[in-house]
Protein chains: 2
Amino acid sequence: MIFRQLFDKVSSTYTYLIASDKGREALFIDPVLGNVELYIQLLKELDLKLVKVIDTHIHADHVTAASKLRDKTQCVTIMGEHTPADAVEIKVKDEEIIKLDHLKIKALYTPGHTSDSFSFLMDNYLFSGDTLLINGTGRTDFQNGNSKDAYNSLFNRLLKLPDETLMYPAHDYKGETVSTIGKEKKFNPRLQVRNVEEYIEIMKNLNLKKPAEIDFNVASNLKLGASI
Amino acid sequence: MIFRQLFDKVSSTYTYLIASDKGREALFIDPVLGNVELYIQLLKELDLKLVKVIDTHIHADHVTAASKLRDKTQCVTIMGEHTPADAVEIKVKDEEIIKLDHLKIKALYTPGHTSDSFSFLMDNYLFSGDTLLINGTGRTDFQNGNSKDAYNSLFNRLLKLPDETLMYPAHDYKGETVSTIGKEKKFNPRLQVRNVEEYIEIMKNLNLKKPAEIDFNVASNLKLGASI
């Protein structure tokens with residue numbers, strides 16, 4: 001398996017490149033529009049053919065590169081079945097398997113940050129989108145976010161994975177690149193709650209600013225980053 | 001082996017945490033002063049004891065966390081033997097082995113970016129400092145930098161390592177996190193030269209701006225980041 005983590009400094013977004021050694025098929029998770037040239041160059045350098053692009057959810061803080069990558073490489077665009085983006089070609093269900101040569105990536109429906117949020121699991125690599133962050137969790141105050149759903153996605157799905165599962169989030173703002181389910185369970189301050197009510201209370205009192213350019217980004221991402 | 005790559009957004013610096021599973025001894029390469037709290041928290045979360053801190057060279061673009069980490073954890077500070085920093089406790093020679101429980105890290109003298117630049121090799125992980133960057137190489141126009149030395153360090157040391165060696169640089173400005181010696185040999189534009197004269201010519205014509213705050217950073221790093 002070939003694996004690369006890429007960082008977009010503007011939005012602090014992590015993009016993931018997964019590819020098979022033998023078949024040279026590649027897949028991006030959460031690519032950022034501004035970095036398409038880097039992605040195309042990297043695919044060429046690593047001798048890979050991009051076949052699939054996944055967005056974990058409709059992002060509010062950056063524009064996806066999905067449609068541009070589809071236009072440039074004829075890859076297929078994928079999101080979870082609850083996406084409001086009509087342009088998505090394959091909409092996967094909870095527990096559905098996405099194949100990449102011999103590699104298998106399982107879709108996990110983890111709503112809460114947004115109502116369309118999915119996470120993706122490949123062996124012991126969890127791509128947690130904005131559902132679970134390192135020492136944080138995704139905010140739940142826009143795009144049909146819901147703290148009760150988030151609690152369920154966290155405590156009844158992601159935290160049930162083995163402690164040694166590697167956790168690769170869609171963002172980090174402090175400079176960490178990876179964590180584990182075990183470490184998050186023990187130290188993530190948002191997860192040190194006794195019940196769903198306590199979690200809802202924490203999330204209600206975050207008082208976060210609205211992301212800059214959310215309206216433009218969401219409108220653009222509903223078209224997978226095509227010009228609007 | 002426990003391994004973490006950490007990113008400082010202000011200076012685009014990568015810091016590396018290496019630790020042994022069993023003995024729980026840990027080492028940082030190129031830690032950044034502004035991130036000490038994150039490092040201390042991470043050591044606690046991973047149940048590690050910091051015993052060593054290495055700077056690959058005297059940095060011009062950020063202040064090292066070496067002295068602050070030494071004060072907080074009683075770790076030992078390490079640099080290559082050509083460092084002008086008197087405060088360094090252990091000065092390693094070319095090919096000298098640094099031990100971390102059962103892990104062995106080999107020092108490689110790779111001058112050119114600066115006259116004190118070392119790289120460090122642990123199994124197939126190369127920490128190349130500013131000597132070799134992803135699709136780039138360290139500038140050679142200050143701190144006794146020398147393009148001929150850099151050419152030798154690159155072509156006669158680092159590029160002689162096996163193609164599959166993982167290359168972890170001290171910086172990346174475009175969002176990549178890791179490369180391999182094979183990929184750099186083939187695609188890094190600075191390395192597509194026929195001889196040392198061509199390399200010197202490229203480096204002579206870069207016309208780079210002087211780094212912001214170089215004078216303060218270098219003066220501070222000569223004291224390993226202690227207040228000046």
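T131(A) is placed in the chain A loop that runs between β10 (125-129) and β11 (132-133); strands (E, at least two residues) and helices (H or I, at least four) are DSSP runs, numbered from the N terminus. This is a predicted model, in which local features need pLDDT of at least 70 and side-chain atom pairs count only at pLDDT 80 or more. Residues are numbered from 1 along each chain as its sequence is written.

With a relative accessibility of 6%, T131(A) counts as buried (under 20% relative accessible area; exposed is over 50%, partly exposed in between, with a 1.4 Å probe and protein chains only). Leaving aside residues up to four places away in sequence, T131(A) touches several residues, among them S117(A), T137(A) and L158(A) (contact: heavy atoms within 4.5 Å).

**Helix α5(A)**

V196(A), Y199(A) and M203(A) are buried in helix α5 (residues 196-204) of chain A. They cover an arc of only 60 degrees around the axis, and therefore lie on the same side of α5(A); the arc is that of the directions from the helix axis to the C-beta atoms. The cover over these buried residues includes β12 (136-137) and α3 (147-156) of chain A. Exposed E197(A) and K204(A) are carried on the face turned away from the buried side.

**Aromatic pairs**

Over all chains, the structure holds 33 aromatic pairs (Phe, Tyr or Trp rings, the six-membered one for Trp, with centres within 6.5 Å; planes under 30 degrees apart are stacked, over 60 edge-to-face, the rest tilted). F3(A) and Y125(A) form an edge-to-face pair, at 5.2 Å centre to centre and 70 degrees between the planes. Because F3(A) lies in strand β1 (residues 2-8) and Y125(A) in strand β10 of chain A, the pair ties together parts 122 residues apart in sequence.

Note on methods:
Chains lettered and ligands numbered in written order. Heavy atoms only, no water.
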